[in-house]
Number of protein chains: 2
Amino acid sequence: MLRDADLRVTRPRLAVLQAVHAHPHADTDSLIGAVRQELSQVSHQAVYDSLSALTAAGLLRRIQPTGSVARYESRVGDNHHHVVCRSCGAIGDVDCAVGEAPCLTASDDHGFTIDEAEVIYWGLCPDCSTTRS
Amino acid sequence: MLRDADLRVTRPRLAVLQAVHAHPHADTDSLIGAVRQELSQVSHQAVYDSLSALTAAGLLRRIQPTGSVARYESRVGDNHHHVVCRSCGAIGDVDCAVGEAPCLTASDDHGFTIDEAEVIYWGLCPDCSTTRS
DNA sequence: AGAATTTTCTTGACTCATTCAAGAAAAGGG
DNA sequence: CCCTTTTCTTGAATGAGTCAAGAAAATTCT
């Protein structure tokens with residue numbers, strides 16, 4: 001499967017991958033819960049380790065909007081972005097209009113070697129939007 | 001001064017404002033240190049409260065790149081962005097080419113009412129870039 | 001100005017995501 | 001099938017940030 005990434009194939013890792021695929025944008029705690037429905041006895045540490053390993057290998061992507069805990073998604077390599085609700089924290093995917101990373105160019109890069117432009121659109125989701133008005 | 005924001009004028013708040021002006025992108029801990037050079041006896045709670053109040057009032061802006069603790073800056077209202085070094089965490093300001101928030105339009109807004117597009121350019125700062133090669 | 005009222009600050013405990021560490025268990029290579 | 005390396009389990013620790021109760025300071029009202 002994903003032995004291509006030089007990662008040993010273990011039950012926890014498979015379960016974590018499945019869980020992230022099934023629950024995009026879920027936080028670590030939810031993922032631990034989801035993983036335990038497959039393997040009831042996994043330690044939280046194993047999940048943390050798996051998530052790190054898979055993220056480092058590029059099989060998962062970690063996102064963490066300000067004010068939120070770490071969340072993971074399996075959609076990688078397409079440099080897409082996110083919309084986040086300021087009220088309930090709901091997250092949605094937004095395709096990048098450009099495609100290639102970094103999709104944007106900084107007006108002044110301060111000499112940095114930039115490889116990615118991360119965009120987060122902040123606002124209110126439909127539900128929170130109507131509730132407030 | 002900033003009584004316009006309906007905030008009481010207190011020593012801690014003034015000191016916090018000064019500290020953030022003097023140390024852009026500093027984290028809360030550094031700010032506590034800086035504030036204590038003015039008022040040696042301020043509680044960390046007062047700094048946290050002041051930062052929240054000033055941020056809510058729009059006098060400060062809070063940024064929190066993934067993997068970093070909360071940081072504050074006094075440059076507000078111009079919708080600028082940031083470059084962040086993946087290695088050392090250094091942060092630089094990047095003017096927004098467009099100017100008005102939200103400076104970008106999502107290709108698919110999922111029905112969200114978007115008010116801001118936050119952009120973080122990730123890469124390596126000049127120092128870390130040369131050290132690695 | 002002085003008293004009343006409200007907000008803010010101090011102190012100290014506490015939460016909770018995440019990390020660290022040591023030994024046990026499982027994977028992959030020979 | 002055994003050996004080496006990586007990964008998982010268990011359990012404790014870290015640390016940014018929050019909560020809460022009472023004291024102190026800012027405005028407001030008389």
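This is a predicted model: local features need pLDDT of at least 70, side-chain atom pairs count only at pLDDT 80 or more; totals for chains, interfaces and linings use all residues.
Biologist: How many residues does each chain give to the contact between A and B, and what makes two residues a contact?

Modeller: Their C-beta atoms, placed from the backbone, must lie within 7 Å. By that rule the contact takes 33 residues from chain A and 33 from chain B. On the chain A side, β4 (81-85), β5 (91-94), β6 (113-124) and α4 (126-132) each give two or more residues. β6(A) has the largest share, with 12 residues. By class, this side of chain A has 17 nonpolar, nine polar and seven charged residues; Ala, Val, Leu, Ile, Met, Phe, Trp, Tyr, Cys and Pro count as nonpolar, Asp, Glu, Lys and Arg as charged, and the others, Gly among them, as polar.

Biologist: How many helices and strands are there in chain A, and what makes a run one of them?

Modeller: Helices are DSSP runs of H or I with at least four residues, strands are runs of E with at least two, and both are numbered from the N terminus. Chain A has four helices and six strands, in the order α-β-α-α-β-β-β-β-β-α.

Biologist: Why do the buried residues of α1(A) line one face of the helix?

Modeller: A residue is buried if 20 or more other C-beta atoms lie within 10 Å of its own, exposed if 12 or fewer, and partly exposed in between, with C-beta atoms placed from the backbone. In α1(A), the buried ones are A:Arg13, A:Ala15, A:Val16, A:Ala19 and A:Val20. Seen down the axis, they fall within an arc of 160 degrees, so they line one face; the arc is that of the directions from the helix axis to the C-beta atoms. The face turned away from the buried side carries the exposed residues A:His21 and A:Ala22. The cover over the buried residues includes α2 (28-38), α3 and β3 (71-73) of chain A.

Biologist: What makes a residue near DNA strand D, and how many are there?

Modeller: Its C-beta atom, placed from the backbone, must lie within 6 Å of the strand. The count is 23 residues, and the closest are A:Thr10, A:Pro12, A:Ser43, A:Ala46 and B:Ala70. Two or more residues come from each of α1 (11-22) and α3 (44-56) of chain A and α2 (28-38) and α3 (44-56) of chain B. α3(A) gives the most, with five residues.

Biologist: Why is one side of β1 and of β2 in chain B left without a neighbour?

Modeller: The three strands form an open antiparallel sheet in the order β1-β3-β2. β1 (26-27) and β2 (61-63) stand at the edges with a single partner strand each, so one side of each has no neighbour in the sheet. β1(B) pairs with β3 (residues 71-73) over two bridges, and B:Asp27 has B:Arg71 as its bridge partner.

Terms used: Residues are numbered from 1 along each chain as its sequence is written. Chains are lettered from A and ligands numbered from 1 in the order in which they are written. Two strands pair if DSSP finds at least two bridges between them.
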